[in-house]
Every structure is written in C-alpha cells, then in structure tokens.
Amino acid sequence: MHYGGDYNPEQWPEEVWLDDVRLMREANVTMVSLGIFAWSRIQRAEGVFDFEWLDRVIDLLHENGISVDLATATASPPPWATAAYPEMLPQDENGATYWPGSRQHFAPSSPVYRRLASELVTALAERYAQHPAVVLWHVNNEYGCHLHYDYSDNARDAFRVWLREKYGTMDALNEAWGTAFWSQLYGSFDEILPPRKAPYSRNPAGMVDFRRFTSDTLLSLYTMERDIIRAAGATQPITTNFMGAFPPADYAKWAAELDVISDDSYPDPNDPESFRNAAFARDLMRSLKPDVPWILMEQSSNAVNWRPSNAPKAPGQMAALSAQAVGRGADGILFFQWRQSRRGSEKFHSAMVPHAGEHTRTRREVVDLGRTLAALPQLPVGRRDARVALLFDWENWWAIQNPDHPVVLDYAVLVQRWYNALHRQHLQVDIVRPADDLSQYSVIVGPQLYLLTDAAAENVAAFVERGGHLLVSAFSDVVDETDAFLEGGFLTRLGDTLGVRVDDFGALVAPSLVVGASSAGEIAAAVGGGGPGQAHATLDSPAGPIVGTYFAEEVRVVDAEVLGSFTDGRTAGSPALTVRSTGAGRGYYLGTIPDDAGMTALTGWVAREAGVEPVLAGLGEFVEAARRGDVLTLINHGGDTVTVDVTGTDLLSGQAVTSVTLGSFDWVMLRTP
Ligand code: GLA
C-alpha cells in the first residue's frame, strides 16, 4: 500500500527537505511523486541539465526509506523553450494562442515539443533508471487537463497524417464523413483543417474523428516517453495520472499501454452525493485493468482552491474517501501535495503538511490515515466481484456530444445517474465497454448506446444468448462508427436480441431542466404548461409506475413481450418497456430515460429478476458497501450514526464482529465468510 503525495521540493530551501523527510516518516509516507513540474529547474537552458539537486533529494528520500514515483517533468515547458520555439504553443478554435505563464502550454502534436520532451526524458531515464529509490515512473501529468483540444497548425498537420493513415484515400474519407452534403467534398488531405470556429455546426463524423485523433495524439505522447524510459533500461512500472471519466482521453483504449492505472480525484466535499461520483471513478479505474490494483495518485487532504468556493472536508471525510478507494481496488493513496505552497497559484490548496503547521486537524488526519493504511494486511485483487456491468464508451460519448440531435444529452451525467441508481442499491458494478469481455456478468445496463460498432453489438447480443440479462434504454444503436444511420431504421443490430425496432425518438421538451430533476413533480414544475411539446412521459412497469424523460420513443414490437406501456401523452398506450427471452437470457428495452427514482426501480427489478444480490442487504443509501475479494468495506457517508448487522473479522483490530456501528464518515473493513 503506497502512501504519500506530490513532492515539489524545488519550491523550498534545502533545510526544509530535512524537515520534510522527518514529517514523512512520522506520517508513514512510503512514496512521493517527485519532479512533476520541475522541468525549468532540471533544465536551465537547451542542452543544460542540472541533476545535482535532484540527486540529493532522491538520495535523501532513499536514506529515509521513502520510495520515489519519478515524474518525467514534461507537463510545463520552461520559458526558454517557448521563447525559442513559440510554434510549440497551442491554439483554441478561434486561433488564439495559449501563452506561457501557467502550465500545460504545449501543442501535443508539436514536433519541437516532442523533441524537447524526448531529450529531457532521455536524460532523466538514463540517470535514474537504476536508482533503487525509484519504484514507479510518472509520465507527464494529467494529459489534456486544462487544454482539451488544440487547433493550432501543429494539430492541423498531424490530423492530416492521422486521417491519411485511417482512410488511405479521399474517396474513403468523403464517404465516411458524408461530405457530399453541404458542399464539403475534399479533393486532398491538405484541404482538411481541425474543427476551427465555423459559422454553423461542423461535420459530425469529422468531429468524432478529431476527438479520436486528439485522444490518440495525447496517448502517443505517453507511449513516446514510456518507450524512452524502457529503452534506458528502466524496469519499474510506468503510469500517467488519469482524471476519472475525462472527456478528451479514451482511457479504456489507453489502459493497455499503462502498467498500473493511477487516478486523480477531487469530489466536492460540499456535495452530499459526490461520494457516488468518486465511487464511479474508482470502479472505472478498477475495471480498466482488473488484474492490477490501481493507485489514487492525487486527492486533497482538505479543501481545494479551484472551485468558486472551496468547502473543507469534514472531519473523517478524507479518510472515508480514501477507504472507498481502497475498498474499490486501490493499493495506494496519495495527495496533491506534500507541503502547502507559500507562493504561487496553489498556495490555498490543502496539503499533507498545512501551512498553519503540524498541530492542525488536517495533519493529524494525514498521520492517522498513514498509520491505519500501514496496519492493513495485503488485500485481494478482487477482479471478479461484480455481477453487474454498466456500459460506458468514450467514442459514444464523443458522438453524443455532437449538436443537431433530437435532444441535448449529457452522456457522462446520464451514465453517472445510472451508476448512482445501482450504487444506491449496493450492487457491485464494473464499468466496461460494449465490446469488452462480458462473460463474468449476469446483468448489463446499457444506457444510450447511440454509437455502436457491429462488433460491440454482436458482443452484447452474444451476452444475452449465453443467458445474460441486458437492459438497453432509449437512443441506442442509432449510428455506426462513422456517425451514420444504418439501413432499416434504428435498433438495426440489437433489434433481434431485443425483439423491437425504434421508428422515431419523440423528444420530450426542456431536457436541460430535466437533468438532475428527480421527480415528475419537479419536472412538471420546471417546464410549466402550454405548447405541443410534452415534458415527460409516464409508463407502467413491473417495477411500478415510471417517469420517463428526454424521449418517448415510437417502439415497434417485432418479437417481444410488452412489460409496460406509456400511460400519457402522444405515445399513450404504446409499448415503453419490452422483453425478449432467449433461453435464460433476457433483452429488455426501454423507450425513454427514467428519472432517478425510475432508474433505481428498474435496475433493481432487473437485478432481482437475474438473481443478483446487493453486496449487503438492508443498508441506507448513505452507507456504502464495496467488496474486494473476501474483504467487505462499509463506509457511512451520512450524518447519522448507523448500526449494520454483518458477520466478519475487522481487518484492523482482528476482532470478530456480528454488527458494526458507524458514526458519520466512519468506515470498517471486514474479512467476511
Ligand atoms: C491536479 C494537478 C495537480 C494540482 C491539483 C490541484 O490534479 O495534477 O498538479 O494542480 O490538480 O487540485
């Protein structure tokens, strides 16, 4: 179990380093992430490296038994680099330059940036590949975090190369993008631009390709550095820190290139539901590489400094969120940052050593958590605990992001809401792509599978053939990977499994007001009366009456049983929820998107039909239960003390228990029979 944080000693005089290692030892720190933003300190000018200070820091840490997650320092190019090579700066869609003076001011496809980064990483890797303190390599930092998309000439040139490799001929690209419409036929790859500011909506297939290109380009930076590190003879694992479900980078595709997944996580302490967002990210990270425990690479010890107002974490909340990460598969808990800055942009961000001193609550909680984690035994990997999978796919996200759809959907918010419905019922969930191996699951929840490849559709259909229970909801199987409709309407590939087709989507009005609204009353109140548009649709179902939002689809039954019909509005009396049985398999289709209560009712009903049990029955919705092999983690995120009847052995005390009492933010890990 790693414990530590980002260590930026270049901000401090050397005498402070001695104090740092003393305090690290007191806090049971095992590993620090070193040098993440130290490029300008390591390389004072082109070709001029100063490693002596870094040697001294690494040696000092090593002498004190603290390992190093050594960063490649390429996330913030130094002023000499951008002064000499301004062409490496990125641009926004209006052609405005992102200037230096902050961080991440590099165009990912800039040849100059790539050369300078390679030279730095080569020098670092050759110097430290064999250093016994270095146990992990930390490539760059949060790729794309501030700068999601670059539209500079660097991107223009690289996008053309990427497209040429993908399509080979102009005819193939013109066909895939549908450029015959709106006079967009290209005669040469050299006519293509990144999707810069245009008078009206841009070619949707081109937009999806640009997002694929951006993710691939960022990934190629990672693999470039990784390969340099390996070529220098380093044998330590290599990672780069993810940011949960982060739109520009398809982490599901990236995961294969990382030895260990690491994630940064900053749930808003002021939002009583944000622990579910954190749980989603943690389950996603575990699912990306199920055989290797992941690392929580960054969290805050207390408040951050980048929200409009930055609530502190309540006493115990930081430890509770840390336990959540461990309970959901992490073998490391680290923070940004070790010692609170005295100067610079992040001086108000909390740290493991607060500016106010060692007597603070934050420092006490950091020391307590270090002691607690050090006392935990080795935990099982727990790769086969979930029987439910939630489908989540970046390419689908990028396609749904395009404008000009029947209704504006926020795919990430929707997937999170479906996840929350499962989480509230304490169902253990993996988060996977439709084309991934689904063999361990009994239930698959597939929300808004708008862009679906043939291979993914076949995989999902095969899951039902094998006896799985599949729940697909509205706006699914609409386009192929080029964002084009298929012959024969909608649900053309999943239709045989589900026994239905969709003839039309029937958007419900005021979707932006519906996001987050949790009951029919709230939605109706938000929308008001009048107009032909319907705000929501109701339907009956075996899980009780359900409020539908966004769509009341015209669902045509081909070979399915109708389980529920719309009970009001334009589609009243027509099928809303259907099932087709294939042996023991069930293919459920829902022609709308339920409100939160409906998501909970429906997913719970499907899970029960499939015989899937919650991790623990009878828990309130603010008590979280997660399984990791034979270890059960229980966390009370609510304000009231709860008592839970459960049999097991407390991992920390060694005591056998038949019930546990948890105050606010208390948690326990039990080895269970
Ligand atoms: C990100 C960065 C860190 C720091 C934190 C602050 O995660 O990687 O360098 O800026 O945010 O929350």
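Let me start with the aromatic cluster. Ring pairs join Tyr143, Phe242, Phe246, Tyr251, Trp254, Phe280, Phe392, Trp394, Trp397, Tyr411 and Tyr419 into a cluster. A pair here means rings of Phe, Tyr or Trp (its six-membered ring) with centres within 6.5 Å; planes under 30 degrees apart are stacked, over 60 edge-to-face, and the rest tilted.

Two ground rules before I go on. This is a predicted model, so local features need pLDDT of at least 70 and side-chain atom pairs count only at pLDDT 80 or more, while totals for chains, interfaces and linings use all residues. Residues are numbered from 1 along each chain as its sequence is written, and side-chain values use heavy atoms, with hydrogens and water left out.

Back to the rings. Searching the whole structure gives 37 aromatic pairs. Take Phe246 and Tyr251. Their ring centres are 6.3 Å apart and their planes meet at 20°, so this pair is stacked. Phe246 is buried, at 6% relative accessible area. Tyr251 is buried too, at 2%. Buried means under 20% relative accessible area, exposed means over 50%, and partly exposed is in between (1.4 Å probe, protein chains only).

Now Phe280 and Tyr419. This aromatic pair is edge-to-face, with 5.3 Å centre to centre and 80° between the planes. The pair links distant parts of the chain: Phe280 sits in helix H10 (residues 274–288), Tyr419 in helix H14 (residues 411–424), and 139 residues separate them. Both Phe280 and Tyr419 are buried. On labels: helices (H or I, at least four residues) and strands (E, at least two) are DSSP runs, numbered from the N terminus.

Some rings also carry a charge over the face. The rule is NZ of Lys or CZ of Arg within 6 Å of the ring centre and within 35 degrees of the ring normal. Arg276 lies over Phe622, 5.6 Å from the ring centre. Arg339 lies over Trp12, at 5.5 Å.

Next, the core. Which residues have the most contacts inside the largest nonpolar core? They are Leu61 and Tyr251, in a core of 189 residues. Helix H8 (residues 204–231) gives the most to this core, with 11 residues. Apart from it lies another core, of 14 residues, including Leu616, Ala625, Leu632 and Val657. A nonpolar core is a set of buried Ala, Val, Leu, Ile, Met, Phe, Trp, Tyr and Cys residues joined through side-chain atoms within 4.5 Å.

Leaving aside neighbours within four places in sequence, Tyr251 is in contact with Phe242, Met243, Gly244, Phe246, Met285, Leu288 and Trp394. Contact means heavy atoms within 4.5 Å.

Leu61 takes us to helix H3. Trp53, Leu54, Asp55, Val57, Ile58, Leu60 and Leu61 are buried in H3. What do they pack against? Their partners are strand E1 (2–7), helix H1 (14–26), strand E2 (31–34), helix H2 (39–42), strand E5 (67–71) and helix H5 (111–128). After H3 comes Gly65, with a positive phi near 75°.

E5 is mostly covered, with 4 of its 5 residues buried. E2 and E5 pair in parallel over 4 bridges. There, Leu34 stands opposite Leu70. E5 also pairs in parallel with strand E6 (residues 134–138), over 4 bridges. In that pairing, Asp69 faces Leu136. Strands pair if DSSP finds at least two bridges between them.

Now a second sheet. This open sheet has 3 strands, in the order E17-E18-E23, paired antiparallel. E17 (537–539) and E23 (593–594) stand at the edges with a single partner strand each, so one side of each has no neighbour in the sheet. Strand E18 (residues 546–549) pairs with E23 over 2 bridges. Gly548 stands opposite Pro594.

Last, helix H19 (residues 596–609), where Gly604 is found. Is Gly604 buried or exposed? Gly604 is buried, at 3% relative accessible area. Gly604 and Gln425 are 179 residues apart in sequence, yet 7.2 Å apart in space, C-alpha to C-alpha. In H19, 10 of the 14 residues are buried, so the helix is largely enclosed by the rest of the structure. Just after H19, Gly611 has a positive phi of about 75°.
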